[in-house]
Amino acid sequence: MSVAAALDQIVQAARLDPEHVFSAPWEARAFAIALKLSEAGVFSWDEFRERLIAEVAASDRVHERDGTSDHGEYYEHFLRALERMLDDKGIVRS
């Protein structure tokens with residue numbers, strides 16, 4: 001998957017403003033790390049996308065259950081998904 005295609009997929013899925021996809025430098029770095037690891041075959045982009053969807057869904061369930069969510073915004077979900085993916089693959093331990 002190309003960088004542009006991956007970024008377009010993220011923008012559409014998260015309903016982000018295409019002119020302001022990243023609000024902080026760490027968000028762009030997290031995206032670049034995930035994309036490069038996917039390109040290197042550490043995991044597939046589809047596998048990562050499923051992990052991200054699960055992170056967002058978990059946050060939504062917390063919000064529906066008690067009206068709050070301590071899981072933050074989109075790139076915080078993205079980073080948590082990346083951390084868990086790397087932990088599951090045995091690349092890093094949390």
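**Entry 1: helix α4**

I began with the buried residues of α4, which are Y74, Y75, H77, F78, R80, A81, L82, M85, L86 and D87. I call a residue buried under 20% relative accessible area, exposed over 50%, and partly exposed in between, with a 1.4 Å probe and protein chains only. I note that this is a predicted model, in which local features need pLDDT of at least 70 and side-chain atom pairs count only at pLDDT 80 or more, while totals for chains, interfaces and linings use all residues. Residues are numbered from 1 along each chain as its sequence is written, and side-chain values use heavy atoms, with hydrogens and water left out.

I then checked the length of α4. The expected span of a helix is 1.5 Å times one less than its number of residues. For the 15 residues of α4 that gives 21 Å, and the end C-alpha atoms are 21 Å apart, so the two agree. After α4 comes G90, with a positive phi near 75 degrees.

**Entry 2: the chain as a whole**

I listed the elements next. Helices (H or I, at least four residues) and strands (E, at least two) are DSSP runs, numbered from the N terminus. The chain has four helices and zero strands, and the order from the N terminus on is α-α-α-α.

How much of the chain is buried? Of its 94 residues, 29% count as buried. I also looked up contacts, meaning heavy atoms within 4.5 Å. Among contacts with a separation of 6 or more, 64% are between residues 24 or more positions apart. The accessible surface, from the Shrake-Rupley method with a 1.4 Å probe, for which only the protein chains shown count as cover for residues, comes to about 6,000 Å². Carbon and sulfur atoms hold 52% of this surface.

**Entry 3: the nonpolar core**

I looked for nonpolar cores, that is, sets of buried Ala, Val, Leu, Ile, Met, Phe, Trp, Tyr and Cys residues joined through side-chain atoms within 4.5 Å. The largest has 17 residues, and W45, F48 and F78 have the most contacts inside it. At least two residues of this core come from each of α2, α3 and α4. Which helix gives the most to this core? I found that α4 does, with seven residues. As background, nonpolar side chains tend to be buried together in soluble globular proteins.

**Entry 4: aromatic pairs**

I counted rings of Phe, Tyr and Trp (its six-membered ring) as paired if their centres lie within 6.5 Å; planes under 30 degrees apart are stacked, over 60 edge-to-face, and the rest tilted. The whole structure holds nine aromatic pairs. One of them joins F22 and Y75, tilted, at 5.5 Å centre to centre and 50 degrees between the planes. F22 lies in the loop between α1 (3-14) and α2 (25-39) and Y75 in helix α4, so this pair ties together parts 53 residues apart in sequence. F22 is partly exposed at 28%, whereas Y75 is buried at 3%.

W45 and F48 sit three residues apart in helix α3, about one turn, and both are buried. F22, F31, F43, W45, F48, Y74, Y75 and F78 form one aromatic cluster.

**Entry 5: salt bridges**

I took a salt bridge as a side-chain nitrogen of Lys or Arg within 4 Å of a carboxyl oxygen of Asp or Glu. I count six by this rule.

D46 and R49 form one of them, at 3.0 Å from N to O. D46 and R49 are three residues apart in helix α3 (residues 45-66), about one turn of the helix. D46 is partly exposed at 42% relative accessibility, and R49 is partly exposed at 26%.

R51 pairs with D88, the closest N and O atoms being 2.5 Å apart. R51 lies in helix α3 and D88 in helix α4 (residues 74-88), so the pair ties together parts 37 residues apart in sequence. D88 is exposed, at 53%.

E55 pairs with R80, with the closest N and O atoms 3.3 Å apart. This pair links distant parts of the chain, E55 in helix α3 and R80 in helix α4, 25 residues apart. Are these two residues buried or exposed? E55 is buried at 7%, and R80 is buried at 17%.
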